[in-house]
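Subject: Structure for your records, with notes

Hello,

Here is the structure I said I would pass on. My notes come after it.

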Amino acid sequence: MRHLSEGMLRRVHDDSFAASNDERAHLAGCDRCRQRMSDVARDAQLATRLFAGTGDGRTAVEPALARLRSQFASGAATATGGPSAPRRIRSRRWALGVIAAPVLAVVLVVSANAAGWLSIFSPTTVAPISLTVGDVSGLPDLSGYGTMHVNQPDSHEVGSAAAAAAATGLPVLRPAVTADVPAQVRWQVIGTGSATFTLDASAANAAAARAGRAAPQIPSNLDGASVTVNAGPGVVAVYGGSATSGELGGANLPALIIGEGLRPTASTNGATLAQLEDFLVSQPSISPQLAAEIRAIGQPASTLPIPVIAGVMTSQTITIDGVRGVVTGDSTGLGTAVIWEKDGIVRVVAGALARSEVISIAQSLPVA
Amino acid sequence: MNGEAVWRMTVPPTPLAATDHAFDRLFRAEYERVVGIAARVLGDRAQAEDVAQDAFLALHRRDCSDQPWAGGWVCAAAAHGALNVLRGDRRRHRRERLAAVPAPAADPAAAAEQADDGRVLRAALQRLSPRVATVLVLRHSGLSYAEVASAMNVRQGDVGTMLRRAESALRKEVDRATSQ
């Protein structure tokens, strides 16, 4: 029998009957698992000791309820908007809402451009676009529509902000508010990259046949149309954490990230903007609500959409450095990201800090 | 898309009367536990009550008190709120000195040891990632594996692994701090 997993050993520490009869028998006879169980118990007991008594105490519930009611009466409960009700979703999307925002922005831009709803894309502003979890999982799989060629950007770490600025030509701003910003900082320089997607009916048919599903109907006037997205260069300043932080469960996640990059641009041949937009929103995986959101952008060629997953993330627009910015975050307050564009540079400030602190840090960046 | 003010996903606040019953029932059932979660992070019961109030206020705005996951959601919101306060409080060292020991022990030596443990714990919670700290706080606040799974929106079968990794990370943080 296989050795017990770490997770099962932890559960067994709390409840020996969490394991099956076979697993308990294995544990009883396996020196290696018993040693691992000993390590699990040692760490669990330390945590139990540290937490012991820290939350004990009596709380008067009814006065607390009355206090809250007084806030309702004073309008505090309705003074600001909040996100819609949380939904049942998969774990990492919920927990990583803040991180997901800029990543999804790129995904959506690339998906949108590649699938074809922007012919010439050079955003000068940002705006939130509301997605459901179903929308995200339903974004078109590009391999089912044609071929993609990616020119990966170079990426390397440099030793100073000046070096990062010299390598990219970007100003590489540092926040003036430093009380909550770790002193330790690393700069990651990212070069220019591009991705070209070509709608290809024959490739789409082949992909559909392999997957055992119906091929998308690519209009003849779009067959062979290409969209190229160019991005970079950019700089990501990582405050806190460590260079080896790659594990989600580790203790080394950064406290704050400040990203700067030239705005992405896109160009196309063989199709008009209206044709590509019509094709994208007519795809079965695009919900009517998402199609309406895409249509409602109004000026898609000049707006960078910031995806906001309804119920999972909150979103609000603010004015920052004299332009419109989007504040987005996890609905439970886990973290916040502020995204805006000015003078052709897209900036992102994100961190596992209070929303007001992240906004303060973003607003403290000196104007270039 | 006008992009102005709060985005359209905002649910209009529901009249209080329509949600009174479910909200009050949830508040009375969960308030002490929610305060306890925040207190485990902050070591300060008055601050913990403020965090709990904010968490319930946020829940009320969402008009979802009658949902089966509402209790877990408000627990997670309290944990995140308290961790944010802990990380953002520039006066935490002063607070550490002034904070009352939550559960006074008859033995002064035991009380001192408990206060030391509290400082060590809070220093570690500041350094751990929010997700790691959250699973530790929720489980060691007495939430069951199923409740932790609901609060963090993960599968129940994943909680053991998350907890194991979190406790291992906590030990490393404590070892690192005590070796300096």
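Predicted model: local features only at pLDDT ≥ 70, side-chain atom pairs only at ≥ 80, totals over all residues.

Chain A in outline

Chain A contains 13 helices and 14 strands. Of its 368 residues, 40% are buried. If you take the contacts in chain A with a separation of 6 or more, 72% of them join residues 24 or more positions apart.

Helix α1 of chain A

Helix α1 (residues 6-14) of chain A packs against helix α3 (residues 31-51) of chain A, with the axes 9 Å apart and at an angle of about 60°. The two helices, α1(A) and α3(A), are therefore oblique to each other. The crossing of α1(A) past α3(A) is right-handed. On the α1(A) side the contact is made by A:E6, A:L9, A:R10 and A:H13, and on the α3(A) side by A:R36, A:M37, A:V40, A:A41 and A:A44. By type, the residues of this contact between α1(A) and α3(A) are five nonpolar, one polar and three charged.

Within α1(A), the buried residues are A:M8, A:L9, A:R10, A:R11 and A:V12. The elements that cover these buried residues of α1(A) include α2 (21-29) and α3 of chain A, and also α8 (156-179) of chain B.

A loop residue in chain A

A:Y145 sits in the loop between α8 (133-137) and β2 (146-151) of chain A. Is A:Y145 buried or exposed? A residue is counted as buried if 20 or more other C-beta atoms lie within 10 Å of its own. A:Y145 has 26 other C-beta atoms within 10 Å, so A:Y145 is buried. The C-alpha atom of A:Y145 is separated by 6.9 Å from that of A:A203, although the two residues are 58 residues apart along the chain.

Helices α6 and α7 of chain B

In chain B, helix α6 (residues 130-139) and helix α7 (residues 145-152) pack with their axes 10 Å apart, at an angle of about 140°. That angle makes α6(B) oblique to α7(B). Here too the entry to note is a right-handed crossing, of α6(B) past α7(B). The contact is made by B:T134, B:V135, B:L138 and B:R139 from α6(B), and by B:V148, B:A151 and B:M152 from α7(B). Sorted by type, the residues of the contact of α6(B) with α7(B) are five nonpolar, one polar and one charged.

How much of α7(B) is buried? Six of the eight residues of α7(B) are buried, so α7(B) is largely enclosed by the rest of the structure. The buried residues in α7(B) are B:Y145, B:V148, B:A149, B:S150, B:A151 and B:M152. After α7(B) comes B:N153, which has a positive phi, near 60°.

Nonpolar cores

The largest nonpolar core has 67 residues, and those with the most contacts inside it are B:A38, B:A78 and B:A82. Helix α3 (residues 70-88) of chain B supplies the largest share of this core, twelve residues. Apart from neighbours within four places in sequence, B:A78 is in contact with B:V34, B:I37, B:A38, B:V51, B:A52 and B:A55. There is also a second, separate core of 39 residues, and A:A255, A:I257, A:W340 and A:V358 are among them.

Regards

Note on methods:
Residues numbered from 1 in each chain as written. Chains lettered and ligands numbered in written order. Helix = DSSP H or I, 4+ residues; strand = E, 2+ residues; numbered from the N terminus. Buried ≥ 20, exposed ≤ 12 C-beta atoms within 10 Å, placed from the backbone. Contact = placed C-beta atoms within 7 Å. Axes fitted to C-alpha atoms, helices over the stretch in contact; angles between N-to-C directions. Parallel < 35°, antiparallel > 145°, perpendicular 65-115°, else oblique. Left-handed = near helix turned anticlockwise from the far one by under 90°. Nonpolar A, V, L, I, M, F, W, Y, C, P; charged D, E, K, R; others polar. Core = buried A, V, L, I, M, F, W, Y, C linked by C-beta atoms within 7 Å.
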